[in-house]
Amino acid sequence: AVSNRLRFGVFPVLVLLAFLDLLTWVAHLGADRWLPADRLVVQILASLGSATLMVVVLTFAPLLLALLWGAKPLAPGPAKELVAQGCQRLGVRITRALVWGSGATPFHNAAVMGLLPWPRCVFLSADLIRDLEPDELQAVLGHELGHIRHRHLWGYLLFLIAAAAGLLVGALCAWL
């Protein structure tokens, strides 16, 4: 259970935080030599860079997560048909459905990632597919596809951009 938490939760967040730390380090490189106006420019660039990074991450996260999680394409069968039917019924476009997990510890989870239809993916754990009845799997899938249908990822992105804007306003106030 701990290894699943590390692999599927902690590690992807650590990769993202490393990118953000690198961006902050580059933005503040040599900041001691800059005038206060230059520091404001650096803060503006760092905020814009962070917002851009969030768009890139939320867009291309499925590719990174598929790699980090060792996800494979969902084999033809009832689960893949449920995904196709759910996507059609809810009007959600995805690039592919992937299966991941199935180690020594049972792992029941599902996720959907990707702001845009490409490279958006639905992730289903092998244990979830194996252990749930079709109607239960359909309910889990409906929940995940509902995140796309109701634009939750776009809401997360707007929240992150608002947070970056708040930091920028704070820097501007401190500069004035």
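R130 and D127 meet through their side chains in a salt bridge, N to O at 2.8 Å; the term here means a side-chain nitrogen of Lys or Arg within 4 Å of a carboxyl oxygen of Asp or Glu. This is a predicted model, so local features need pLDDT of at least 70 and side-chain atom pairs count only at pLDDT 80 or more, while totals for chains, interfaces and linings use all residues. Residues are numbered from 1 along each chain as its sequence is written, and side-chain values use heavy atoms, with hydrogens and water left out.

R130 and D127 are three residues apart in helix α4, so about one helical turn separates them. In general, an α-helix has 3.6 residues a turn, so residues three or four places apart point the same way. R130 also forms a salt bridge with D131, with the closest N and O atoms 2.8 Å apart. A search of the whole structure finds two salt bridges, and D127, R130 and D131 are linked in a network of them.

How buried or exposed is each partner? The table below gives the values; buried means under 20% relative accessible area, exposed over 50%, and partly exposed in between (1.4 Å probe, protein chains only).

| Residue | Relative accessible area | Class |
|---|---|---|
| D127 | 2% | buried |
| R130 | 54% | exposed |
| D131 | 38% | partly exposed |

## The overall layout

Zooming out, the protein chain has six helices and four strands. Those are DSSP runs (H or I of at least four residues for helices, E of at least two for strands), numbered from the N terminus. Read from the N terminus on, the order is α-α-β-α-β-β-β-α-α-α.

Of the 176 residues in the protein chain, 34% are buried. A contact means heavy atoms within 4.5 Å. Among contacts with a separation of 6 or more, 69% are between residues 24 or more positions apart. The protein chain exposes about 10600 Å², and carbon and sulfur atoms supply 68% of that; accessible areas come from the Shrake-Rupley method with a 1.4 Å probe, and for residues only the protein chains shown count as cover.

## The cores

A nonpolar core is a set of buried Ala, Val, Leu, Ile, Met, Phe, Trp, Tyr and Cys residues joined through side-chain atoms within 4.5 Å. The largest one has 23 residues, and L74, V83, V122, L124, L137 and L145 have the most contacts inside it. Elements that each supply at least two residues of this core include α2 (36–69), α3 (78–90), β4 (121–125) and α6 (152–175). There's also a second, separate core of 12 residues, with A66, A71, C121 and F123 among them.

What does L124 touch? Leaving out residues up to four places away in sequence, the list is L74, V83, L98, V99, W100, N109, A110, I129 and L137.

## Helix α5 and what follows

The buried residues of α5 are L137, L141, E144, L145, G146 and I148. They pack against α3, β3, β4, α4 (126–131) and α6. The geometry of the helix checks out too: at 1.5 Å a residue, the 16 residues of α5 should span 22 Å, and the end C-alpha atoms are 21 Å apart, which agrees. That expected span is 1.5 Å times one less than the number of residues.

Just after α5 comes R151, with a positive phi of about 60°. R151 sits in the loop between α5 and α6 and is exposed, with a relative accessible area of 58%. Another backbone feature is the cis peptide bond joining W118 and P119, where omega is about 10°; P119 is in the loop between β3 and β4. For context, most residues other than glycine have a negative phi, and most peptide bonds are trans.

V2, L6, V10, V13, L14 and L17 form a nonpolar surface patch with about 530 Å² of accessible area together. Patches are made of residues with over 30% relative accessible area and no salt bridge, with like charges joined within 9 Å and nonpolar side chains (Val, Leu, Ile, Met, Phe, Trp, Tyr) within 5 Å. L6 is in helix α1 (residues 2–27) and is partly exposed at 47% relative accessible area. V2 lies in helix α1 as well, and at 62% relative accessibility V2 counts as exposed. Although V2 and T105 are 103 residues apart in sequence, their C-alpha atoms are 9.3 Å apart in space.
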